[in-house]
Amino acid sequence: MNLAELQSRMASAIMSPLTGSDSLASRTVGGTKMRAEVNELIKPNAQLTSFERLEIYSRSYWFRILDGLYDDFPGLVAVVGQRAFHRLARAYLTECPSQSYTMRNLGSRLPAWLEAHAGFAKPVLDLAVDMARLEWAHIEAFDGPARRPLGPEDLLEPGPNLKLALQPHLTLLALRYPVDDFRIAVADFSSEDHAAASNAVGSYKRRTLARRFRRARPEPVHLAVHRKENEVYYRRLDRGEFVALEGLRGGKSISEAIERALSDGASSIVYEELGATVEKWFASWSELGWFCVAG
Amino acid sequence: MPVRAVAPPTPKPRKSPKPASTISRNSGTSLGGSLPDFALSNFLMPANRFNGHCDYGIGIGLRVPHYRHIFEHKPVVDWFEIISENFMVDGGRALATLDRILDQYRVVQHGVSMYFGSAEPLNREHLRRLKTLVKRTKTPWLSDHLCWGSVDGRYTHDLLPMPYTFEAAELTARKIREARDFLEVPIAVENVSSYAEFHVSEMTEWEFLNEVVGRADCGILLDVNNIYVSSQNHDFDPREYIDAVPAERVAQIHIAGHSKFERYILDTHDHPVIDAVWQLYERAIRRTGATATLLEWDDSIPSFDEVHAEAHKAEKFLDAACSVGAR
């Protein structure tokens, strides 16, 4: 058996989902009998069988990546509940194992996966998908790339055909629920929970929070998730502001982006106040450092 | 519209595997026995080409829970070891924090996911980002593990044990040379703790380590705790391992705590160093001379002062090595 074959077979055994009691599965993902497979690869010793030795690695693998997902998506845990999250996390990680040298990217495919696997988040699918999108955007904002921002002085006379780029760490989200408020409540709860003397109080508060989320009514929210001075911020946007920014992100010129916002039926822009509104938008966006040179 | 801040996610990756259950912890068998005598010249060569000819002393791992203490109290620390992957990012707080550390301290990079032993080629994106970080930190050497962890682009984020075969040694050595040529910095490979052995192995772990570092002409990050853990799990004499390592290639030494279970030991980096590991450390230092030493503490991390004090227990062994060397 050469190195490539050994590693392929061992990885397949390690990455096979654990049983409900966190034991090594009886079959590999490929359907091979696990015990026979492991016996071929690994020596037993006086204390442990080959199966038990490989189980140490498999548990370590699953506990590590599950912990990683729990750490990165605390809002989603709160929305769907611990048990449902555990189920969906195992299913997601089975279908979408890490493809990166860093665990930072573990959840990059979770929002799209969740949308395509509605059964794992029923009856709060839209809320859960919104939360997953927000939490992935949060990770991108936390340590995503930043280019040199263009300040107000760079934009004094931009000209209608100037194409601006938005900071790569900034994500624009059109959400169906106010999950930004929920995510902040979860963060506040987590810091309180650390200080709480009683597990019972913490557990009660967690359940109360989860009930609050599940009773939430839909409320469209347009959000920019971004970073300023190494802090992650959630900034709510007017509909028109959001449409204009999406236009800029899509490569439209400033005039095209404004035109897009103006012609958007849902936008509340008053035509007579267009000049003042746009001026306010650009002043705010440039102050936040969102603009950079397209490139 | 108010602008609101929320807490950042935790940096990744973490290194130590997590135990499935706790049975008992932190007891060790005394290794006893007499220490071997070695040539005096060994003690005069702690700095070597594998650690950039640096005479670094005792360092500790840079960890998030200690940031505040470090910036507020500016403790005297000879050097910090960073986990490279935590800083191979495009921007944000991690890099800003690193820059503050670099202003005041010496830093050495330690990686957890290069996977020199994986049969697949090195990840070019990984190498590119690592080189960017090397330029930032000016690390005099960098280390990663003698292990594998990825297959067909899928990552386990674990330090999986190598089959000790000549084929694996050749491939691993080739990848280490390739990485060193690209990164333009000395590389040291670390022996890992392991919980499994392969039928296909053709040699002992220390023979494999020697095969790899000889073929790659690279350094060794000698983890004496990992040697202890593996010796208990695979029933070999850790002193034989220490004595077989080519002392002139040891660029750095790791010490750490572990967790003892009923039928095996896990390398958890969440306890003080046990006496048996200190004895191995002493044995290693007597062979290598005073070598850059780092305490790893990655889980259930106590206060900075506690970690610092634990690391400085290495001083008496280093001082002894230096005094022998000075005679």
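Before starting, I noted that helices (H or I, at least four residues) and strands (E, at least two) are DSSP runs, numbered from the N terminus. I also noted that this is a predicted model.

**Two loops in chain B**

With that in mind I looked up B:Asp235, which lies in the loop between helix H6 (224-234) and helix H7 (238-244) of chain B. Its phi is positive, about 60 degrees, although B:Asp235 is not a glycine. Is B:Asp235 buried or exposed? I found 10 C-beta neighbours inside 10 Å, and because a residue with 12 or fewer is called exposed, B:Asp235 counts as exposed.

I then turned to B:Asp152, which sits in the loop between strand E6 (148-151) and strand E7 (154-160) of chain B. B:Asp152 is likewise not a glycine and has a positive phi, of about 50 degrees. Here 13 other C-beta atoms lie within 10 Å, so B:Asp152 is partly exposed.

**Chain B as a whole**

I listed 10 helices and 13 strands as the secondary structure of chain B, and of the 327 residues in this chain, 53% are buried. Among its contacts with a separation of 6 or more, 82% come from residues 24 or more positions apart.

Eight strands of chain B, in the order E2-E3-E4-E5-E8-E9-E10-E13, form a closed barrel with parallel pairing. Neighbouring strands of this sheet are turned by 30 degrees against each other on average, direction ignored. I followed one pair in detail: strand E8 (residues 187-190) of chain B runs parallel to strand E9 (residues 219-223) of chain B, and three bridges join them. The bridge partner of B:Ala188 in E9(B) is B:Gly219.

**Chain A**

I moved to strand E3 (residues 221-228) of chain A and strand E4 (residues 231-236) of chain A, which pair in the antiparallel sense over six bridges. In this pair A:Val225 stands opposite A:Tyr234 in E4(A). The two strands form a hairpin with two residues between them, and A:Glu229 in the turn has a positive phi of about 50 degrees.

Next I looked at helix H10 (residues 239-249) and helix H11 (residues 254-263) of chain A, whose axes come within 8 Å and cross at roughly 145 degrees. The crossing of H10(A) and H11(A) is right-handed. The residues of this contact divide into six nonpolar, two polar and two charged.

I also noted a cis peptide bond from A:Lys122 to A:Pro123, with omega near 5 degrees; A:Pro123 has its place in the loop between helix H6 (110-116) and H7 of chain A.

**Where the chains meet**

Finally, I recorded that 57 residues of chain A are in contact with 52 residues of chain B. Which element gives the most to the side of chain A that touches chain B? I found that H3(A) does, with 13 residues. By class, that side of chain A has 28 nonpolar, 15 polar and 14 charged residues.

Conventions. Residues are numbered from 1 along each chain as its sequence is written. Chains are lettered from A and ligands numbered from 1 in the order in which they are written. This is a predicted model: local features need pLDDT of at least 70, side-chain atom pairs count only at pLDDT 80 or more; totals for chains, interfaces and linings use all residues. Two strands pair if DSSP finds at least two bridges between them. Axes are lines fitted to C-alpha atoms, for helices over the stretch in contact, and angles run from 0 to 180 degrees between N-to-C directions. Two residues are in contact if their C-beta atoms, placed from the backbone, lie within 7 Å. Ala, Val, Leu, Ile, Met, Phe, Trp, Tyr, Cys and Pro count as nonpolar, Asp, Glu, Lys and Arg as charged, and the others, Gly among them, as polar. A crossing is left-handed if the near helix is turned anticlockwise from the far one by less than a right angle, and right-handed if clockwise. A residue is buried if 20 or more other C-beta atoms lie within 10 Å of its own, exposed if 12 or fewer, and partly exposed in between; C-beta atoms are placed from the backbone.
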